[in-house]
Amino acid sequence: MTDLSYLRLLESEAIFVVREVAAEFERPVLLFSGGKDSAVLLRIAEKAFHPARLPFPVMHVDTGHNFPEVIDYRDRRVAELGVRLVVASVQESIDKGRVQEETGPGASRNRLQTVTLLDAIAEHRFDAAFGGARRDEERARAKERVLSFRDELGQWDPSGQRPELWSLYNGRHRRGEHVRVFPLSNWTELDIWRYIAAEDLELPSIYFAHRRSVFLRDGMLLADDPVVPRHRGEEPFETSVRYRTVGDMAVTGAVASTAATLPEVVAEIASTRVTERGETRADDRFSVAAMEDRKREGYF
Amino acid sequence: MTTLEDHRGEPMPQPLEAPPELLRVATAGSVDDGKSTLIGRLLHDSKAILEDQLEAVVRTSTERGDGRLDLALLTDGLRAEREQGITIDVAYRFFATARRSFILADTPGHVRYTRNMVTGASTADLALVLIDARQGVLEQSRRHAFIASLLRVPHVVAVVNKMDLVDYDEETFRRIAEDFRSFARRTGADDVTAIPVSALHGDNVVERSDAMDWYDGPSLLRYLEDVDVATDRLEHAHVRLPVQYVIRPHDDAHHDYRGYAGRVAGGTLRVGDEVVVVPSGARSRVLGLDTFDGELDEAGPALSVTVRLADDLDISRGQVLADPSSPPVVARELVADVCWLDEQALRPGGRYLIKAATRTTRATVTGVEHVIDVQTLERDATRATLGLNDLGRLRLRAAEPLALDTYAENRTTGAFILIDEVSNHTVAAGMVVEAVEGARPLVSPNVVRHAGALAREQRWAAIGQRGATVWLTGLPSSGKSTIATTLEALLVRAGRAAYVLDGDTLRHGLTGDLGFSAEARAESVRRAGEAALLLADAGTLAIVSLVSPYAADRDAVRRRHEAEGLGFLEVHVDTPVEICEQRDSKGLYAKARAGEISGFTGVDDPYEAPPAPDLRLAGDGSLDDAVAALERALGDHDLL
């Protein structure tokens, strides 16, 4: 008998979920941001159908506030796997008047992504969307199901969730409704990094220490870039940083770090004392229920 | 009293190597038992709580102004929970030590949330039952122990909390531990342990406590690290692999590749092993165990793998590959313990979807054996239905045979859920107590099959034709009949015997006595399937054009063909309903919309698209393309 290490158990569980959904849904799609979690998710999907190709496309919800390194990485992975890429653009949603650009301090396109995402799901008639969200990320997510149901308006009802027993997932839905699928629900941030190291998985270079011009805002290091207008007194300086999460440049903070290799990053994550969202996402620090509120609206 | 100053510890050293084992723990108990505090303590003392999470707790605790650090705030994630100060839903928490990673399913203890407890326990290796040392073993502790044993959680730990409030008294602990053990044993629990703790002060949670030197057992965390779960997973020695998905790459490098993807649900599958396919009964040998990371010699429990077999069998999702010496029972009748999960009570005699492993079909509730009073745990045989949070025993009859083990034998192949087809809710969690082999034989034992003098192969050789069935399924007006008749004409002109069985034509004779209820449709599909089977046996390519909306009915026809050794190609004519409705060749969509006819597929009756058809035709493409694709698929499957 082969005894599975816990990472292989988590991997097997995630592969199981991906195969269940591919078998039971008509039009699944995998949400791929180029971030570390979606990189792992894509590898899981690749493994689930080997030696066949992915039986569904991948979709990137593009805020327009991208790190170019991440877009390069996205395009490279998509080409390697020979999968179809659907790009849903927040800029287009703004141009079409579906959403309004936020202004003022803390403005970002993070929340706007919800509308773009839901519009794209409706347009392509996707009935299941795989995401890389994890239950350890945030308290509201700790309560979320692996198959998380969304009504015809894309909304999440946390108190009306279907019980999820054993590995028997109920994906039944009506036309117009869809399901978010989180195969990495039971992974922690450290598991993700350990898996990336074990798999020797390529990631966008911004996850590793590099010199960058940044400035300090609310205790976070933000990239000095035209999409993040600096306020008075916010002076840019160059230092060695890396990113713990990848999101809208305007609200995603870098951490001062010299961890330039995978083992160094794993060691750094293993000894950190702050959660990734607390450290690097301004939008999650607004209120204790910020994530729950965004999720109710249909956020990732 | 815990203050912020206590938390400025050094982070626990985390090794680069991942901890070797995973333990899934479910907790049951109420806020009054100090359960959330215990979890907060475990997370905190094992350094799984990070500074910003702790600061948020400190901030909220301070705002409440009772001066106490409320560790429960770490686990109560939803706004409603924080506002009401209660745990409503199952929350999943994660922490790790150098030896193990833990997934903690934290469930509320109140009787109103029995279903949440059942949910948490369903995947647990170990259950923690919280007991207040001042109260002793209450009704609710007994209920928690009962649920843990019903769900066959291998290890149950009574955590006797608030020992500080009984002066760390040994006698009190011993009495509670003995009470709990004697009750748990009666429920059939395998392994029961009791540990005295004070979650508030941390006694015996992570470190052994000085205040209870009379206790010589391990601290809770040490116990969680040490408890032997490897043998639990080894227990289920009978090989089971429910097929999830058939992998066929359709590219030149893997032209003949056919792999059955699934996760091992019991035993260890080895290359060279004989396997039986259940329910079809076909047998083969394992040729290869494939993964992305290379071929394996063997695959043990919980591993996701892709199995290649030596023989070219037509195996689809829902079948189970098993050890031929001890296969699962093929059953349509079953007795099961269930927990009712839905607001809407069980409809006695009602029909539900049943999902067991990877197979979904319909099942009728044929009887309620008893309902268990979750307060007293007494069985009441007089009640006719189950409501939300009720536990009871049901009899069920499935529309199709299921491959089942008892839940005691296998927690994967012995479990199922029931789904309401109207609300789509998961309404019940079921554990098989007894599965009745081969119930309701379709054929009377007095009917003996007349064996013809001529073998099928001789007939086919003599007429130079081979029979098979092509099954076109899809919404009304999706274009099935047009494709079917075009293919028929093409083949017949080329000298191939082919014959269309069209749903509308059949309604004038063979199925003329049937209506459009779900049962009548099932029977209509069955008859069309049998007619196709006879044509195929005779050496004709039967082309069936039938809406056939339910997957279970189509699967039954496929299995009949497999059992008879005849080829079967399922083709989904996948035309969007909007286009079908625009075409509306017979004006039926209009009538259905106007309410003149009911039960119309695509309007007020569901169409269950085949999850893995042999061929999917985009019905809005050109007719020529569709027919060409069909011809190609027939060639690929060696059916021409």
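Two residues are said to be in contact if their C-beta atoms, placed from the backbone, lie within 7 Å. By that rule, 56 residues of chain A are in contact with 64 residues of chain B. The model is a predicted one, in which local features need pLDDT of at least 70 and side-chain atom pairs count only at pLDDT 80 or more, while totals for chains, interfaces and linings use all residues. Residues are numbered from 1 along each chain as its sequence is written, and chains are lettered from A and ligands numbered from 1 in the order in which they are written.

## Where the chains meet

Helices (H or I, at least four residues) and strands (E, at least two) are DSSP runs, numbered from the N terminus. On the side of chain A that touches chain B, the elements that give two or more residues are helix 1 (6–24), helix 2 (36–49) and helix 7 (262–270) of chain A, and the largest share, 11 residues, comes from helix 1 of chain A. Sorted by class, this side of chain A has 26 nonpolar, 13 polar and 17 charged residues, where Ala, Val, Leu, Ile, Met, Phe, Trp, Tyr, Cys and Pro count as nonpolar, Asp, Glu, Lys and Arg as charged, and the others, Gly among them, as polar.

## Chain A

Chain A has 9 helices and 10 strands. Its radius of gyration is 19 Å, close to the 19 Å that the globule rule gives for 300 residues, so chain A is as compact as a globular protein of that length; the radius is taken over C-alpha atoms, and the rule is 2.2 Å times the number of residues to the power 0.38. Along the principal axes, the C-alpha atoms of chain A fill a box of roughly 55 × 50 × 35 Å. Buried residues make up 54% of the 300 residues in chain A, a residue being buried if 20 or more other C-beta atoms lie within 10 Å of its own, exposed if 12 or fewer, and partly exposed in between, with C-beta atoms placed from the backbone.

In chain A, 6 strands form an open sheet in the order 3-2-1-4-6-5, with mixed pairing; two strands pair if DSSP finds at least two bridges between them. Strand 3 (85–89) and strand 5 (147–150) of chain A stand at the edges, each with a single partner strand, so one side of each is left without a neighbour in the sheet. Within this sheet, strand 4 (residues 128–130) and strand 6 (residues 178–181) of chain A pair in the parallel sense over 3 bridges, and the bridge partner of Phe130(A) in strand 6 of chain A is Val181(A).

Two helices of chain A can be described by how they lie across strands. Helix 2 of chain A lies across strand 1 (28–31), strand 2 and strand 4 of chain A, running at about 140° to strand 1 of chain A, whereas helix 5 (residues 113–123) of chain A lies across strand 2, strand 3, strand 4 and strand 6 of chain A, running at about 135° to strand 3 of chain A. For such values, axes are lines fitted to C-alpha atoms, for helices over the stretch in contact, and angles run from 0 to 180 degrees between N-to-C directions.

## Chain B

An open sheet of 6 strands in chain B has the order 2-3-1-4-5-6, again with mixed pairing. Strand 2 (91–96) and strand 6 (191–196) of chain B stand at its edges, each with a single partner strand, so one side of each is left without a neighbour in the sheet. Strand 1 (residues 21–29) and strand 4 (residues 126–132) of chain B pair in the parallel sense over 4 bridges, and Thr27(B) has Leu128(B) as its bridge partner in strand 4 of chain B.

## Backbone details in loops

|---|---|---|
| His50(A) to Pro51(A) | near 5° | between helix 2 and strand 2 (58–62) of chain A |
| Val278(B) to Pro279(B) | near 10° | between strand 11 (274–278) and strand 12 (283–291) of chain B |

Phi of Asn389(B) is near 75°, a positive value in a residue other than glycine, and with 19 C-beta neighbours inside 10 Å Asn389(B) counts as partly exposed. Asn424(B) has a phi near 65°, likewise positive in a residue other than glycine, and is found in the loop between strand 22 (415–419) and strand 23 (426–437) of chain B.
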